[in-house]
Every structure is written in structure tokens, then in C-alpha cells.
Amino acid sequence: MTVDQFRARFPIFRRRIYVNSCSQGALSIDVDEAMRAYLDSWHDHGSPWEMWVEQVERLRARFAASIGAGADEIAVVPSASAGINAVASALTFDGPRSGVVIGDFEFPTMAQIWLAQVRRGAAIRRACAPAESPDTLPLASYDAVIDERTLVVPATHVCFRNGHKTDIAGLVALAHDRGAFVFLDDYQRTGAGPLDVHALGVDFMVTGCLKYLLAAAGIGFLYVRRDLIERLEPTVTGWFGRVDPFAFRIDAIDWPAGASRFETGTPPVPNAYAAVAALELLDRLGYEAVGRQVEHLTARYLCAARDAGCAVRTPAAPDRRGPLVVVQSVDGPALVDRLAARGIVASCRGNGLRVAFHAYNDAGDVDAVVSALAAESALLERRRA
């Protein structure tokens, strides 16, 4: 499949310029058909639970392969929050290692769940962005606070506010050298390029299908490194976290050998149908091709925005940026509305205008956004000399 053929699977591009994958991936005809197939299965068979559970298992295997993991290392969860909570509930904070290091660029969910562990004994420390460079978070910021008391370091791969990409491989080396786990939040990147969790060395990872994996809300994934799984027993659990959920036991609790032990209730079957279709579509193009297209468009947009004098918050260095580029506005919501009136779907966080690319975007989309920003320049902050 070529990128042009990939783009043709997304009908919205016949009507709009869609650059909002950081909030919600565009809808493909493949996902549309898959959701209809789920409804048809319900109509035709009534309650085909074996078929539906098989679809969840198909999704588990498909996602695992896409990140270089084994299917036994993946829990299919309803959200990133559910995955993080399952792991947090399985950790103890009453020993010499009770520290949790939280960086300034985390999504609220990741920070809030660990803050909630303070009542269980967790000690929170912050890895702060430098005052002289507030849109960067170098390893030195983590180096200053990770020590022999640190248990886990949650870390976003790409910041949802400014597009900064964390040096996760470097952070893993630093944390592991001091005996701490790394819990990667990859939600703002998964699907936008290749990923190999074993090569990266992270201990845990959460992500979901809402953004660059191009499916729907209500389904996510938790990766747990294989040698850690049987050491952890979550207290946030449910009937699908058992060896055989359909044994319906109420007299005892057992734990599967794989990461399904971190699952809770009835799986989100309709969203599993959507997610399988989305992952199969991404596989047809290939994550290497996705990554090349995203990098090409990101570089083009960054260059044009800087040349136009925009205040760009996203780092220029290719290894420090993800698929999301943030330009500072004087009124983010107003600028989003003005772009929408011009047929461009984007988003903001505060006054940061977020433009995010996927393989379905092309150079024409970039140029359309740049032209629209030029027309709405009164709503943009200018770069300081």
C-alpha cells in the first residue's frame, strides 16, 4: 500500500484538512466496516461471546507484534488509566524504595494516579524542565532526582502540550542503573512510527487506540515486561483477570501467567473490532513508511512556521520531537475556531495550537495550514529575536 492509497481510506479528506491525530485519529472506511461487522454479528448470532473473545485475543496478538512484544506481555484494557492503576495497585511503597519521579510533561492521568499512591506510602519527586528552556526536559532533570529510593519513573514519550519527545532509551539506562522501573506513556506516539519495546528496554508501557492507532476511545493496551509479570498481583482486578474467567469462581483468586492478569471486567468488544481493523490497515502500509511520512511533514511544517516568525514550542531536533507540533497563539480556542471555519481540524491546549500529522496527511495539508495561519496571524505569538 502507498501513502496515497492509505489516505484514500479516510473519507474526511474529501471535505476537510485533518491535522488532529493528537486528539483523535481520523475515521477510516476499514474501521467503519469493522464496527458494522460487530453489529452484524450481534444481529445474526445473538450473543456470540466465543467469537467476540477471539476478536479480543486477535487484537492482543496483533498489537503485541506491532511493538515487538509477545502476546503474553499485553493486557487489553479499557483505557490507559486502567492499565496504570493496575500496575500501581500491584506495587508496594512501604520499603526502602517508595519514590516515584514524575516529569513536568506528563499527561494528568499519569501524574494523578501516582499522586493517589501517596496515601499508600509513595514519595513523589519532580523532574523539572529548566527555567531557561521550559519546553525541554533533558535527562539531567531526571538525573537530579532519581536515586536508590526511586521505585518507578513514569514518563511520557511525547508531551501532549508541546510535542517534546523524551529520550526514553537514555532514561531507561539511567533509571535501571539506579534500580528503578520505567513506565512509558506512549499514547501520544504509538502508531506514528516503529516501536520495539524490548529494544527500548522499558518495564511497563500504556497506550490506546484513540489517537495514532486510528481506532476508537474505550480501548487501550498495557505492556508488562515478561519477567516482571508473575511478581505482580494487582488489587485493581476483575473477572477477566483470572486464568479462566468463565469458571465464575467466587471462592478463590488465581492469576494467569501472562499480562492478562492486569485486566479487569468485560472486554470492550466493539472497540476491539475497530482496533483490529485499524491495526491491520497500519500493517498494510507499514510503520517504517508511516514514520517517514510523519517526519517529512513535521519537518516541512516546522520549517515553514519558523520562517513565518511563529513562536514554535516544539523542539527543532528530529530526535526530540514527535508527530505533534505546537505553535503559540494569543488565543488558542479562537484560533482553532478560525481554522475550523477554513476547513482545518486542529486542537489546542491552553494557547498552544496543536497540529499533528499521520501518514494520511500530505504536503498539501501542511501548506494549507501554513496559509491559514498567515491569514490569521493576528492570533499568533511572534518568535522572539
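## The largest pocket

A pocket is an open set of grid points with protein on both sides within 12 Å along at least five of seven lines. In this predicted model, the largest pocket has a volume of about 320 Å³. Its lining comprises 24 residues, and those that lie nearest the centre are Ala80, Phe107, Asp185, Tyr187 and Lys211.

Of the elements, α4 gives the most, with three residues. Sorted by class, the lining of the largest pocket contains 13 nonpolar, eight polar and three charged residues.

## Helices α4 and α5

The two helices named above also pack against each other. For α4 and α5 the angle is about 25 degrees, and the axes are 10 Å apart. Angles under 35 degrees count as roughly parallel, and α4 and α5 are therefore roughly parallel to each other. The crossing in which α4 passes α5 is right-handed.

On the α4 side, the contact is made by Ser81, Ile84, Asn85 and Ala88, while α5 supplies Thr109, Met110, Ile113 and Trp114. Five nonpolar and three polar residues take part in this contact of α4 with α5, and no charged residues do.

## The cavity

How many cavities of 30 Å³ or more does a search of the whole structure find? The search finds one. About 40 Å³ of space lies in the largest cavity.

The largest cavity is lined by Ser66, Ile67, Thr190, Gly191, Gly193, Leu195, Leu213 and Tyr287. By class, this lining of the largest cavity divides into four nonpolar and four polar residues, with no charged residues.

## Helices α11 and α13

Helix α11 (residues 287-307) packs with helix α13 (residues 363-375) at an angle of about 20 degrees, and their axes are 10 Å apart. That angle makes α11 roughly parallel to α13. The crossing of α11 past α13 is right-handed.

Leu297, Arg300, Tyr301 and Ala304 of α11 make the contact with Ala363, Val366, Asp367, Val369, Val370 and Leu373 of α13. Eight nonpolar and two charged residues form this contact of α11 with α13, and no polar residues are part of it.

## Helices α2 and α10

Helix α2 (residues 29-45) and helix α10 (residues 269-285) have axes that come within 8 Å and cross at roughly 145 degrees. The crossing in which α2 passes α10 is right-handed.

From α2, the contact involves Asp30, Val31, Ala34, Met35, Ala37, Tyr38 and Ser41. From α10, the residues in contact are Val269, Pro270, Tyr273, Ala274, Ala277, Ala278, Leu281 and Arg284. Together, the residues of the contact of α2 with α10 divide into 12 nonpolar, one polar and two charged.

Terms used:
Residues numbered from 1 in each chain as written. Predicted model: local features only at pLDDT ≥ 70, side-chain atom pairs only at ≥ 80, totals over all residues. Heavy atoms only, no water. Axes fitted to C-alpha atoms, helices over the stretch in contact; angles between N-to-C directions. Helix = DSSP H or I, 4+ residues; strand = E, 2+ residues; numbered from the N terminus. Parallel < 35°, antiparallel > 145°, perpendicular 65-115°, else oblique. Left-handed = near helix turned anticlockwise from the far one by under 90°. Contact = heavy atoms within 4.5 Å. Nonpolar A, V, L, I, M, F, W, Y, C, P; charged D, E, K, R; others polar. 1 Å grid on protein atoms, 1.4 Å probe; cavity = no way out; pocket = protein on both sides within 12 Å on 5 of 7 lines; lining within 4 Å. Points joined across faces, edges and corners; volume = space filled by probe spheres on them.
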